[in-house]
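Here is a short briefing on a protein model, written for quick reading. Look over the structure before the notes below.

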Amino acid sequence: MKHSKKKISTYFCIAVLCLISVAGCSGQKESTPKPEQEQTQELETELQTVDETENEKKETIDLKDSFHGINGCAVLFDPQKNSYSFYNDAMCEQEVSPYSTFKIISTLMGLENGVIESTASTMTYNGTQYPITEWNENLNLQEAFQSSCIWYFRQIIDTVGEDEVKKELDALSYGNCDVSEWNGNSTNSIPELNGFWLNSSLKITPLQQVKMLARIFEGQSIYSDENISTLKEIMLVEDRGIQKIYGKTGSGSDQAWFVGFSEENNEKIYFAIFLDDNTQSETITGNTAKEIAIEILN
């Protein structure tokens with residue numbers, strides 16, 4: 001009788017093990033359900049994204065006179081109306097190098113990661129004779145941004161590091177987010193005057209520039225209000241009292257940018273002006289793009 005009980009017990013254990021084995025090999029993995037609050041938040045985010053896309057207003061506008069015969073495009077975004085205005089629509093969606101407009105993002109990265117702390121944060125000049133006189137000395141953030149000093153922001157980016165830079169570009173949906181040519185493509189003979197954002201692997205469209213700026217200044221990015229405020233301070237290019245214009249230029253061979261926003265009564269209009277014209281090489285500069293933007297905003 002004792003022997004029979006032992007056999008029964010053994011068979012029972014084997015049966016249980018078989019059931020467990022079958023359940024484990026069913027090919028379906030059970031996932032831990034997300035908390036109800038997290039699911040609700042995700043749904044709200046998805047619905048908001050769909051709603052914003054569905055309610056976007058788009059129009060084509062004629063800005064030919066403002067471009068004065070230069071081949072280029074413009075995107076303007078009014079977040080109050082959720083409306084986009086395009087000049088030369090097709091060019092607005094072409095990926096190109098951001099050039100020095102990337103200093104907007106590298107400033108935020110430097111501030112957010114503690115590489116720099118304020119507009120007075122200084123980087124040390126290494127003694128190289130650079131082609132722009134203003135770069136040949138120690139510079140603070142305000143000075144480096146205004147003179148568009150490449151070596152200053154190269155130091156920031158290298159200190160932040162490739163992995164963190166890539167992560168933050170992904171979070172911003174900044175163009176193609178490609179930093180694979182970290183040190184650039186040696187366009188310039190001086191190593192520290194090259195980078196992935198200078199006619200290299202990183203690309204962005206004028207429309208993406210505008211959307212990226214809106215994410216930052218409408219409080220939809222990972223960056224703190226304090227750091228965004230510091231960036232805004234150094235981006236100011238024109239103060240008309242009621243209206244202020246903020247932006248950053250950028251330029252390369254036959255191409256130029258001016259991107260930013262105008263602000264009036266606490267309401268913003270975001271813009272990106274891009275020029276691409278190899279027939280007017282001497283005219284294609286960041287300052288030309290800025291003049292066009294200011295004329296349009298007027």
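Is S66 buried or exposed? The model is predicted, and within it S66 has a relative accessible area of 10%. The cut-off for buried is under 20%, so S66 counts as buried.

**Around S66**
- Helix 3 spans residues 64-67 and includes S66.
- Leaving aside residues up to four places away in sequence, S66 touches I292, E295 and I296.

**Confidence**
- The average pLDDT of the protein chain is 87. A score of at least 70 is reached by 82% of the residues.
- Residues 1-34 have a pLDDT below 50. Beyond near neighbours in sequence, that stretch has two contacts in the model.
- Residues 36-51 also fall below 50 in pLDDT. Here, too, the model shows two contacts beyond near neighbours in sequence.

**Aromatic pairs**
- The whole structure holds 21 aromatic pairs.
- One of them joins W257 and F274, with ring centres 4.7 Å apart. Their planes meet at 50°, so this pair is tilted.
- W257 belongs to strand 8 (residues 255-264), and F274 to strand 9 (residues 267-276). The pair therefore ties together parts that are 17 residues apart in sequence.
- Both W257 and F274 are buried.
- A cluster linked by ring pairs takes in F77, Y84, F86, F217, Y246, F261 and Y270.

**Charge over a ring**
- K248 places its charged end over the ring of F145. The distance to the ring centre is 5.7 Å.

How values were computed. Residues are numbered from 1 along each chain as its sequence is written. This is a predicted model: local features need pLDDT of at least 70, side-chain atom pairs count only at pLDDT 80 or more; totals for chains, interfaces and linings use all residues. Side-chain values use heavy atoms; hydrogens and water are left out. pLDDT is the predictor's confidence in each residue, from 0 to 100. Contact means heavy atoms within 4.5 Å. Rings of Phe, Tyr and Trp (its six-membered ring) pair if their centres lie within 6.5 Å; planes under 30 degrees apart count as stacked, over 60 as edge-to-face and the rest as tilted. Helices (H or I, at least four residues) and strands (E, at least two) are DSSP runs, numbered from the N terminus. Buried means under 20% relative accessible area, exposed over 50%, partly exposed in between (1.4 Å probe, protein chains only). A charge sits over a ring if NZ of Lys or CZ of Arg is within 6 Å of the ring centre and within 35 degrees of the ring normal.
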